[in-house]
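Let's walk through this structure together, one step at a time. Take a look at the chain below before reading on.

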Amino acid sequence: MSFGPPPSPYTQSALAADSERKKRRTKLFGVVAAVLVVVLCAGGWLLMYATGDETPANNKAAAAPQAPDEIRETAEKLPSTPEGELVIDFDEEKFKDDETRYAPGTWATDKIFAKGIKNTITGFKFGVDEAAWSIKLDGHICATTKHVTADGRTAVVVQPYKRKGTKDAGICDEVVFFDLDTGKKLWTATMPDAKTAYVTNTNLSMARGTVAVAWGNGSVAYDMTHGKQLWKSTDVSTCEDVGFAGGHNLLVLLRCGEESTHAYRVQKIDPRTGKPQWTYKLKDGISGVYMPSSDPPVLAVGAGDYGVTDLITLDDQGRHSATISMRGGRFDPMCGDSFDGTQYFGVMENCYAMVVGNGQIFVASKADGDVDQAENWIVGFDAKTGKTLRKFDGRPLQPLWPVKMSGDKLLVYRPSSDNIGPAAIVSIDPATGKETPFLFFNLPDDASRMETPEWSDILVEHGRAFFSPRQLSAPASAPHDPVTAAVGIAPVH
């Protein structure tokens, strides 16, 4: 199946600092945070926290160090105080009327927060207004991956400007591998025979030592160290490589047969050779598949519908374990990322309201909207059996979004509410349902769009929380004002 070049979703922009505004906002934020701590202490929630328990959020012994080219798996430690302060405040400026800037890619290490916007990736140190580094790419970003190596490297796919004005202007065939801590490009590679790789169909992922890209009519994998091509699949075949799911394993989604009758297959493959180790055949009638987890393998599928109707879990040999129904309008794992009905930037692994880990799948329900009831809830399912294990309720006017598995604990985000209190990252023990505060804070007034994973990347890494929209536009009431592109919160020191 081939894709025609889509209309470019990109427009030109400039990146500028807004130091005075940032200073005012940071000062105000500190005052607000201090007041919130007093209020919360009076309410007793922080008293629960102040018990001297500073054990890691997973309550397990520290894991053995990972090799540099393994995909990072971090378990967060509870901070000494849950009071949060602003450490990243990144604005985009000089918006034109009705201009939208697409902002794919949000990453963080223990040293740097990095954000992709259009054809630039910018890195910031914490608590510093000025950028630590900036990578000017050869074109706009077409695909990103959430995966980062243990030593802080990741990749993007780029649409090179050199073809502008030609029939190949929309092709996305340049892979850039870079270091998040230093902003250094480590290598660049051109994908072979990628004449049908566009922003609508290019998917990027990583597994140990390997960067893999698929675009429907082909796929290619590179060695992380030097960018050497490991293998490719661009031959004419009855099956197309749709995308990869990386991390601990590498899965590939295959779409076979004609478009009107296509069937899907999932294979676990050797990252270094591309050879399949097992194959799972999905039933006919599946209209779409996402792969939010490779270990355990979890498939989010649309059966007769382009929305997710079921979650399918597999064992480590590719055999069916369980099917979990998402039907009836109760759950919304928010798989994919759609702009005007078109998929952009690589969405194979992205289910923004679902977290997989420690043998469980945590899925958010759809928001209820009833001011007298919990806004929504999260349900934990056993990955092997599909059985419901525990339900975690949000609050009236405060939904609950799963963010990250941290060892055997689930980190969730609870937005702020004028009537209830500040925003919070909370650590939940799935075995008992016990909640432990991780961070309390208020986002800036103009950052309300960051409160939901439907529109914004919500990331917790090395004790800090980050919020960053995946597209940016100025409000109609102030079309030329700076627009918040990212906010980061850290424990007060």
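**Bridges between cysteines**

If you number the bonded cysteines of the protein chain in sequence order, they pair as 1-2, 3-4, 5-6. A disulfide here is a pair of cysteine sulfur atoms within 2.5 Å, and by this rule the count comes to three disulfides.

This is a predicted model, where local features need pLDDT of at least 70 and side-chain atom pairs count only at pLDDT 80 or more, while totals for chains, interfaces and linings use all residues. Residues are numbered from 1 along each chain as its sequence is written, and side-chain values use heavy atoms, leaving out hydrogens and water.

Start with Cys142 and Cys172, whose sulfur atoms sit 2.0 Å apart. Their link is left-handed, with -65° about the S-S bond. Cys142 belongs to strand 7 and Cys172 to the loop between strand 8 and strand 9, so the pair ties together parts that are 30 residues apart in sequence. Strands (E, at least two residues) are DSSP runs, numbered from the N terminus. Is Cys142 buried or exposed? Cys142 is buried, with a relative accessible area of 0%; buried means under 20%, exposed over 50% and partly exposed in between, using a 1.4 Å probe and protein chains only.

Next, a disulfide joins Cys239 to Cys256. The torsion about its S-S bond is about 105°, so this disulfide is right-handed. Cys239 is partly exposed at 26%, whereas Cys256 is buried at 11%.

Finally, Cys335 is joined to Cys351. Cys335 counts as buried at 16% relative accessibility, and Cys351 does too, at 8%.

Terms used. Helix = DSSP H or I, 4+ residues; strand = E, 2+ residues; numbered from the N terminus.
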